[in-house]
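Open your viewer and get ready to select a few residues with me. We will go stop by stop, and at each one I will tell you what is there.

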Amino acid sequence: MKHFTHLLYLILPFLTVFCGCEKEPVTDRQDTQQQVTPPPAPPAPSQDAKVLVVSFSFTGTTKSIATTLAELSGGTLYSIEPETTYGSENNTYYDQNTRAYQEQYGPASVRPAIKKTLDNAGDYDVILLGFPIWYGKAPRVIFTFLDAYPFKGKTVVPFITSGSTGISSAAAELKSAYAGITWKNGDRLNGKTREQLKSWLESSGIKVK
Ligand SMILES: Cc1cc2nc3c(=O)[nH]c(=O)nc-3n(C[C@H](O)[C@H](O)[C@H](O)COP(=O)(O)O)c2cc1C
């Protein structure tokens, strides 16, 4: 008898599954009758999208991330070079006499000259645009770059590096200044590993090679 009871414990779960006679809670049954909206699918990676990875970098942090993103996506790497390079004194960022400070706090129309060396800008479908945060915003050379290469109707994914400031303010300013671009949500990418950058690319709809 004891053996029979043990045997019953063992086979009872299987019997209930096979005969479908396990009682469903009433609430579950009601749920299955309702229309369930599936969660939004992640964007499908654009299989043949031509990717450009552009960055401006003053001390090398953003450039290093841009290089990894270009390797992972198979995109073309391009650096925005100001006509006149920013001197190391600009690192003292609370000094109001520095060029960076004066540009960032100057009129919104400030456009520091850049070297216009990007070939075939119109060929790219997706542009990853990286820059360091300067005083909460994108450095003004980014605006010079987007004036020179408007990327109208193209997808631009911004990414930043910073001491701690997030991307939202800089991204909002760019979105409103260049409304003809299809902007994707960007991110702050400091300290991300190669694997994390890979996931970030995929979540932004960019195919990893
Ligand atoms: C002029 C200047 C202004 C900066 N302003 C900010 C800021 O507002 N918020 C912040 O978190 N970091 C700020 N930083 C730090 C840089 O964003 C950060 O070090 C960045 O990763 C540097 O990138 P890079 O090496 O590509 O130039 C500033 C740096 C400089 C030189």
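Which elements do the buried residues of H5 pack against? Keep that in mind as you start, and remember that this model is predicted.

**Stop 1: helix H5**

Select residues 140-148, which form helix H5. Here 7 of the 9 residues are buried, so the helix is largely enclosed by the rest of the structure. Color Arg140, Val141, Ile142, Phe143, Thr144, Phe145 and Leu146 to see these buried residues. Now for the opening question: they pack against S1, strand S2 (76-79), H4, S3, H6 and strand S5 (182-183).

**Stop 2: the largest nonpolar core**

In soluble globular proteins, nonpolar side chains tend to be buried together. To see such a group here, show the side chains of Leu129, Phe131, Ile142, Phe145, Leu146, Phe151 and Leu174, which touch the most other members of a 33-residue core, the largest nonpolar one. Strands S1 (51-55), S3 (126-132) and S4 (155-161) each give two or more residues to this core, as do helices H5 and H6 (168-177). H5 gives the most, with 5 residues.

Now center the view on Leu129. Leaving out residues up to four places away in sequence, Leu129 touches Val54, Ile80, Ile142, Phe145, Leu146, Val156, Val157, Pro158, Phe159 and Trp183. Apart from this core lies another one, of 18 residues, including Ala66, Leu69, Leu189 and Trp200.

**Stop 3**

Select S4 next. How many of its residues are buried? The count is 7 of 7. Both faces are covered: Thr155, Val157, Phe159 and Thr161 are buried on one side, and Val156, Pro158 and Ile160 on the other.

S3 and S4 pair in the parallel sense over 7 bridges. For one example, pick leucine 128 and look across to S4, where valine 157 is its bridge partner.

**Stop 4: threonine 161**

Stay on S4, the strand in which threonine 161 lies. Is threonine 161 buried or exposed? Its relative accessibility is 5%, so threonine 161 counts as buried. Beyond residues up to four places away in sequence, threonine 161 touches Thr61, Thr62, Ile65, Phe131, Pro132, Ile133 and Asn190.

**Stop 5: the ligand**

Threonine 161 also leads us to the ligand: of the 20 residues around the ligand, Ser57, Thr59, Thr62, Thr161 and Thr165 come nearest.

- From serine 57, a polar side-chain atom lies 2.5 Å from a ligand oxygen.
- From serine 164, a backbone N or O atom lies 2.7 Å from a ligand oxygen.
- From glycine 136, a backbone N or O atom lies 2.9 Å from a ligand oxygen.

On its own the ligand has 640 Å² of accessible area, and the protein covers 89% of that.

**Stop 6: two loop residues with positive phi**

Most residues other than glycine have a negative phi. Our last two picks go the other way. Select asparagine 120, in the loop between helix H4 (99-104) and S3; its phi is positive, near 50 degrees. Then select phenylalanine 151, in the loop between H5 and S4, where phi is also positive, at about 50 degrees.

Which of the two is buried, and which is exposed? Asparagine 120 has 53% relative accessibility and therefore counts as exposed. Phenylalanine 151 has 6%, so it counts as buried.

Notes
Residues are numbered from 1 along each chain as its sequence is written. This is a predicted model: local features need pLDDT of at least 70, side-chain atom pairs count only at pLDDT 80 or more; totals for chains, interfaces and linings use all residues. Side-chain values use heavy atoms; hydrogens and water are left out. A nonpolar core is a set of buried Ala, Val, Leu, Ile, Met, Phe, Trp, Tyr and Cys residues joined through side-chain atoms within 4.5 Å. Buried means under 20% relative accessible area, exposed over 50%, partly exposed in between (1.4 Å probe, protein chains only). Helices (H or I, at least four residues) and strands (E, at least two) are DSSP runs, numbered from the N terminus. Contact means heavy atoms within 4.5 Å. A residue is near a molecule or strand if one of its heavy atoms lies within 4 Å of it. A polar contact is a pair of N or O atoms within 3.5 Å; within protein, one must be able to donate a hydrogen and the other to accept it, and residues adjacent in sequence count only if both atoms are side-chain atoms. Accessible areas come from the Shrake-Rupley method with a 1.4 Å probe; for residues, only the protein chains shown count as cover. Two strands pair if DSSP finds at least two bridges between them.
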